[in-house]
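User: I'm new to reading protein models. Could you walk me through this one?

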Amino acid sequence: AKERKMKIITANAGMVTNYEVYSMVHSRPGSAEQGEDVRHFKSLVLAYLSTTPACTQTTQGVTDCIAALKKYNLTKAETVQIINIMPASEVDVHLVVEECAERLDTDACLDLAAEVNQLLYNGPPLSAEDNAASSDQMMMDTSESTTTTTTTSTAQLSET
């Protein structure tokens with residue numbers, strides 16, 4: 001069998017949310033052409049992302065959330081991280097937003113967390129502890145990566 005290699009079309013074309021990665025990996029079934037390593041990697045990615053807020057999000061929710069977050073004047077990286085961790089408290093917002101105390105007051109932090117969770121979460125109600133555990137893991141794992149494609153919601157980020 002001929003080995004297929006990925007080509008980087010545009011290095012660091014943009015950041016993608018965990019939802020976008022989850023959707024792409026989940027929607028592309030494994031094929032006989034893919035090696036065992038690729039299938040194993042996909043299963044690890046899906047297993048991890050299934051434990052994060054990404055598995056409960058929708059394309060419409062992410063798109064609406066990006067639009068709603070514009071009023072907070074967040075950076076692209078902050079917007080992606082907020083979508084990824086879905087902050088449940090003011091403390092969670094402070095972990096993501098650089099110089100948060102100077103940029104957002106307490107009410108804005110609470111409003112941001114509430115709005116994000118209203119727009120993005122489609123599962124059973126999460127306690128602050130459940131969301132905090134997921135946030136802690138995501139903060140350790142979140143990093144900028146090289147990607148070959150972006151989706152509609154990431155394209156909207158580049159407009160800001």
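User: Which residues does Ile-82 touch, leaving out those up to four places away in sequence?

Analyst: First, a heads-up: this is a predicted model, where local features need pLDDT of at least 70, side-chain atom pairs count only at pLDDT 80 or more, and totals for chains, interfaces and linings use all residues. Residues are numbered from 1 along each chain as its sequence is written, and side-chain values use heavy atoms, leaving out hydrogens and water. Contact just means heavy atoms within 4.5 Å. With residues up to four places away not counted, Ile-82 touches Leu-69, Leu-74, Pro-87, Val-96, Val-97, Leu-112 and Val-116.

User: How are helix 3 and helix 7 oriented to each other?

Analyst: Axes are lines fitted to C-alpha atoms over the stretch in contact, and angles run from 0 to 180 degrees between N-to-C directions. Helix 3 and helix 7 (residues 106-120) pack at about 160 degrees, with axes 8 Å apart. Angles under 35 degrees count as roughly parallel, over 145 as roughly antiparallel, 65 to 115 as roughly perpendicular and the rest as oblique. So helix 3 and helix 7 are roughly antiparallel.

User: And how are helix 3 and helix 4 oriented to each other?

Analyst: The axes of helix 3 (residues 59-69) and helix 4 (residues 76-85) come within 11 Å and cross at roughly 135 degrees. The contact is made by Val-62, Cys-65, Ile-66 and Leu-69 of helix 3 plus Thr-79, Ile-82 and Ile-83 of helix 4. With that angle, helix 3 and helix 4 are therefore oblique.

User: Is Met-86 buried or exposed?

Analyst: Met-86 sits in the loop between helix 4 and helix 5. Its phi is near 45 degrees, a positive value in a residue other than glycine. Because its relative accessibility is 0%, Met-86 counts as buried.

User: What about Glu-99, is that residue buried or exposed?

Analyst: Glu-99 lies in the loop between helix 5 and helix 6 (100-103). Glu-99 isn't a glycine, yet has a positive phi of about 50 degrees. With a relative accessible area of 54%, Glu-99 is exposed.

Key
Helix = DSSP H or I, 4+ residues; strand = E, 2+ residues; numbered from the N terminus. Buried < 20%, exposed > 50% of the residue type's maximum accessible area, 1.4 Å probe, protein only.
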